[in-house]
Amino acid sequence: MDIDTLKTDLLDQIAAAASPEALEAVRVAAMGKSGSVTALLKTLGGMSPDDRQVRGPLLNGLREAVAGALSARKIALEAEALNARLASERLDMTLPVAAAVTGSIHPVSQVMDELAEIFADLGFAVATGPEIEDDCHNFSALNIPETHPARAMHDTFYFPQEPGSDKRMLLRTHTSPVQIRTMMTQAPPIRIIAPGRTYRSDSDATHTPMFHQVEGLVIDKGITLANLKWTLETFVKAFFEVDDVTLRLRPSYFPFTEPSVEVDVGCSWEGGRLKIGGTSSWLEILGSGMVHPRVIASCGLDPEVYQGFAFGCGIDRLAMLKYGMNDLRAFFDADLRWLKHHGFSAFDVPTLSGGVGA
Ligand code: 2U9
């Protein structure tokens, strides 16, 4: 076969190679140890100098043309393979994230979001603070002196005393220190809710050593018990998504409020299920009252000028009531089956327009 025919033939084979394997087979057949081009190059050694002068450039030209075509085809085949992969592995970035399918929002987090949404609409900000507190913010500023029986009632987790210090840190027993810190640093009017973890050395079917509370605080001029009642009624209606709600305020005692009231919500039992609304039965849902003048004064404000109301409520209990769970301990067992059953979708964001209970 003459050089030109062989060249045309090899270039056609290279152009027709549809895969890297087919191209490699053409390369070996031409440029390999026993390849057709290699065989022709080997003949140069046995030629006369004159013949070699004529055939040498022709054969080198053939070798270079074939090598060039092989490498160009290789690059083209690699680009084709990459494009095919990119097309088959295309990601649709508009699809929902996979995490939303496997993970879920804990009922406590969902209820916290619902509370923030409801109270934001009433002009309340969400305040947070440390879970490790000192005696002053957790007790003394709240009118609970060292000798007060409420200290024993709170079953406090204390940290060991630091050497050389008379201060003993503790795990906050309620979120009230958050309100104390807010009153000490912000000028009224104050409207906040303080949701978060709280700790008491207590454990049975209705108590866990760590639990969640939400407390609310309003401080301004001319605040009365009527403001408290309206706020709580508006909250309970929005939270349980029931318009027919009756609240019953019972006189009570808390060191940080005066007067203090415990609040029951009217409910009924229908087919073994608790329904909020009506007045056939009563369920205690929160404690509240007018902030004690001594608490207002301990934060540097004049109780003759400023008044306020406060309330406190267990979030875990609220979640159990609204979503029908009966054992509090399951909340913190991290059992995936429980979380899958009672958890919420990450897209189920509570909004007043869309429904806080979705
Ligand atoms: C400041 C002043 C007053 C917060 C209040 C209650 C009543 C209350 C309990 C409900 C169930 C705690 O989770 S629970 O065990 N709380 O009854 N909490 S008034 O009063 C405050 C807080 C902060 C500065």
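Guide: What follows starts with the core, then moves to the helices and the charged pairs.

A word on the basis comes before the tour. This is a predicted model, in which local features need pLDDT of at least 70 and side-chain atom pairs count only at pLDDT 80 or more, while totals for chains, interfaces and linings use all residues. Residues are numbered from 1 along each chain as its sequence is written, and side-chain values use heavy atoms, with hydrogens and water left out.

Start with the largest nonpolar core, which has 41 residues. A nonpolar core is a set of buried Ala, Val, Leu, Ile, Met, Phe, Trp, Tyr and Cys residues joined through side-chain atoms within 4.5 Å. Buried means under 20% relative accessible area, exposed means over 50%, and partly exposed lies in between (1.4 Å probe, protein chains only). Seven names stand out here: Leu-115, Phe-235, Val-236, Phe-239, Val-265, Leu-318 and Phe-331 touch the most other members.

Which elements give two or more residues to this core? They are α6 (107-121), β5 (210-220), α10 (225-240), β7 (257-270), β9 (281-291), β10 (307-314) and α12 (315-323). The largest share, six residues, comes from α10.

Now zoom in on Phe-331. Leaving out residues up to four places away in sequence, Phe-331 touches His-106, Val-108, Asp-316, Ala-319, Met-320, Met-325 and Trp-338. Contact means heavy atoms within 4.5 Å. Another core lies apart from the largest one. This other core has 22 residues, among them Ala-127, Phe-139, Met-183 and Ala-194.

Axes are lines fitted to C-alpha atoms, for helices over the stretch in contact, and angles run from 0 to 180 degrees between N-to-C directions. Angles under 35 degrees count as roughly parallel, over 145 as roughly antiparallel, 65 to 115 as roughly perpendicular, and the rest as oblique.

On the α6 side the contact uses Pro-107, Val-108, Val-111, Met-112, Glu-114 and Leu-115. On the α12 side are Ile-315, Asp-316, Leu-318, Ala-319, Lys-322 and Tyr-323. By class, the residues of this contact are nine nonpolar, no polar and three charged. Here Ala, Val, Leu, Ile, Met, Phe, Trp, Tyr, Cys and Pro count as nonpolar, Asp, Glu, Lys and Arg as charged, and the others, Gly among them, as polar.

Next comes α9 (residues 176-185). This helix is mostly covered, with seven of its ten residues buried. Those seven are Ser-176, Pro-177, Val-178, Gln-179, Ile-180, Thr-182 and Met-183. The cover includes β2 (132-133), α7 (135-138), β4 (190-199), β5 and α11 (293-298).

Ser-298 lies in helix α11. It is partly exposed, with a relative accessible area of 32%. Neighbours within four places in sequence aside, Ser-298 is in contact with Ala-141 and Met-184. Gly-222 is 76 residues from Ser-298 along the chain, and their C-alpha atoms are 19 Å apart.

Another helix pair is α2 (residues 20-31) and α4. Their axes come within 10 Å and cross at roughly 170 degrees. The two are therefore roughly antiparallel. From α2, Pro-20, Leu-23, Arg-27, Ala-30 and Met-31 take part. From α4 come Arg-63, Val-66, Ala-67, Leu-70, Arg-73, Lys-74 and Leu-77. This contact has eight nonpolar, no polar and four charged residues.

Lys-74 leads on to the salt bridges. A salt bridge is a side-chain nitrogen of Lys or Arg within 4 Å of a carboxyl oxygen of Asp or Glu. The structure holds 13 of them. One joins Lys-74 and Glu-78, at 4.0 Å from N to O. The two sit four residues apart in helix α4 (residues 49-88), so about one helical turn separates them. Glu-78 is partly exposed at 48%, and Lys-74 is partly exposed at 49%.

Another joins Asp-327 and Arg-329 at 3.4 Å. Asp-327 is partly exposed at 28%, and Arg-329 is partly exposed at 38%. Arg-337 and Asp-335 pair at 3.2 Å. There Arg-337 is exposed at 67%, whereas Asp-335 is partly exposed at 29%. Finally, salt bridges link Arg-248, Arg-250, Glu-262, Asp-264 and Glu-284 in a network.
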